[in-house]
Amino acid sequence: MSPPDATDRLERYRSMRDFEVTPEPSGAPGPTAPPTGSARFVVQRHRARRLHYDVRLEMGGVLVSWAVPKGPTLDPDAKRLAVHVEDHPLEYFDFEGVIPAGEYGGGDVIVWDWGTWEPAPRMGDPLEAVAGGEVHVDLFGERLRGRFAIVRRGRRDGKEQWLMFHKHDDAAVAGWDAEDHPTSVKSGRTNDEVAADPDTTWDSNAPAAEAAIPVARRAPVGGPPREVPTWAPPTDDELAALDELGPKGGEWHVDGEVVKLTNLEKVLFPATGDEPATTKRDLIRYHACIAPHMLPYLEGRAVNQNRFPDGVDRKHFWSKSVPSNAPAWLHRWRNAEADPGETEWYVVADRPAALVFLANQASLELHPWTSRTEAPQQPTWAYIDIDPGPSSTFEDALVLARLYRTALDHLGVVGCPKVTGKRGIQIWVPVADGYRFDDTRGWVEKVSRAVGATVPDMVSWKWHKADRQGLTRLDYTQNAINRTLVAPFSARPAPGAPVSVPITWDELDDPDLRPDRWTVRSVLARLDEVGDPLRPLVGQQQVLPDLG
Ligand code: MN
């Protein structure tokens, strides 16, 4: 039995999870405490030559083990093949990491479930039950619960074939499938995440006590900022040539390339009371002119594009892959870790001509990855995302942003706020090389919970919009691979063509500040006047203080 406060903590944890991100049903475990005692069990999801789940029961000082190709299930009508494999040492109990290719069991392993077990009444001595080919146990895990039978059926290819199945009891769930639950109960990570960035490797040739080898991680240590290239704005002659192209478009010579432009008079952003309509020609011109300011946030990164081919009031789609009509000079990056069906080839916008090409595609909202292509698992920014709900105001967002200002100031951490161009405020915090998304997400969560605790009536931690009662959400879950925020100076899909703009901390107190104050027409004048306060933070190797 858990003490009540542990149960409460678990409840809270469950309410925090973003169910839209992982396909775990509500109530599923995330990182949990390891079981104790001498009757533990573990199930490891092991991607070796073939995917299987290793079910291991602690008995007599070893882990008696079966490999279950389809994974154990709570479905009492499903019987799973379970191949009896050699006992494993206790040291292997909570192993999660990578077994080098070529070694026995080479592949990646996560701790998919753990807990304790009890023999079913009348089973007798557990080791004798294994020898006798019939094991009946009650499992008390994070996922597996209730009575299981594991029964020997015969031999094939020199291996004992058993069947594992759940009894019809209160814990049984029809149709339950292990593959719907892809995360580790030890770390919350998937096999892919562990494989990409393991904490530990297992050397099967070493004695068990020495077999788990921590992976040396390059600890974030600070150092000089990463160098950022610079780019030139278009010349007056280049801009005049753009203006001379007819409504159908044509070839524009810019940035040393020839970019084919089409449909230049198409209205992408309708007019507002203050702003005229913005055509594709206007957006192309804007992308060319803003390039020296926006490219520091895009170069070296994959960029996800929100495309509005018929304007922002018509249907849009997210485009991650390189368009088929992309010119040869456009830089591309292949995500070697892409899952089957996931985008493999991304655009890297690292020169003005690339931004011009994207504008012609009506890719008007650009979301660069938080990580760079050379280290996709390592964020370069920690993001704080103040996301106002329908019944909260921009004033609420400002109150929260000022609280973050105080918190970061107190911690001695540099960051910079930015209006989104829509309703919210983000704060971008540069981080040193070597962090992982788990690190930045956990750090931002801690700061956000401290900030939120000072104004509990303003903030909701509920994941589903309907449950938030219109309150503001402090969203730390954007600190994950391929979850992105809008680039500084990117346009937003709204009438008048507003843009997302970094601001100084002092501007939070400017009574004229609005989240959509600047547009593709006005932001260049602002840059001439006050510059970009976020730009000096690009590539800064900031070590985040430990928050305990
Ligand atoms: Mn295995």
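Contact here means heavy atoms within 4.5 Å, and the views below come from a predicted model.

View 1. Three residues reach the manganese ion: His46 through ND1, His52 through NE2 and Asp54 through OD, at 2.1 to 2.2 Å. Along the sequence, these donor residues follow the spacing H-x5-H-x1-D. Take a look at two of them in turn. Histidine 52 has 15% relative accessibility and so counts as buried. Aspartate 54 is buried too, because its relative accessibility is 4%.

**View 2. The largest nonpolar core.** Here you are looking into a core of 92 residues, where Trp252, Leu261, Leu298, Ile386 and Phe489 have the most contacts inside it. Helix 6, residues 280–294, supplies the largest share of this core, with eight residues. Apart from this core lies another one of 26 residues, including Trp112, Val130, Val135 and Ile150.

**View 3. A closer look around leucine 298.** Leaving aside residues up to four places away in sequence, leucine 298 touches Val303, Ala349, Leu355, Leu366, Pro368 and Ala487. Leu298 is also among the residues with the most contacts inside the largest nonpolar core.

**View 4. Valine 185 and alanine 33.** Valine 185 sits in the loop that runs between strand 9 (159–166) and helix 3 (191–196). With 0% relative accessibility, valine 185 counts as buried, because buried means under 20%. Alanine 33 is 152 residues from valine 185 in sequence, while their C-alpha atoms are 8.5 Å apart in space.

Notes
Residues are numbered from 1 along each chain as its sequence is written. This is a predicted model: local features need pLDDT of at least 70, side-chain atom pairs count only at pLDDT 80 or more; totals for chains, interfaces and linings use all residues. Side-chain values use heavy atoms; hydrogens and water are left out. Donors are N, O and S atoms within 2.8 Å of the metal (3.2 Å for Na, K and Ca); water is not among the atoms, so sites may look incomplete. Buried means under 20% relative accessible area, exposed over 50%, partly exposed in between (1.4 Å probe, protein chains only). A nonpolar core is a set of buried Ala, Val, Leu, Ile, Met, Phe, Trp, Tyr and Cys residues joined through side-chain atoms within 4.5 Å. Helices (H or I, at least four residues) and strands (E, at least two) are DSSP runs, numbered from the N terminus.
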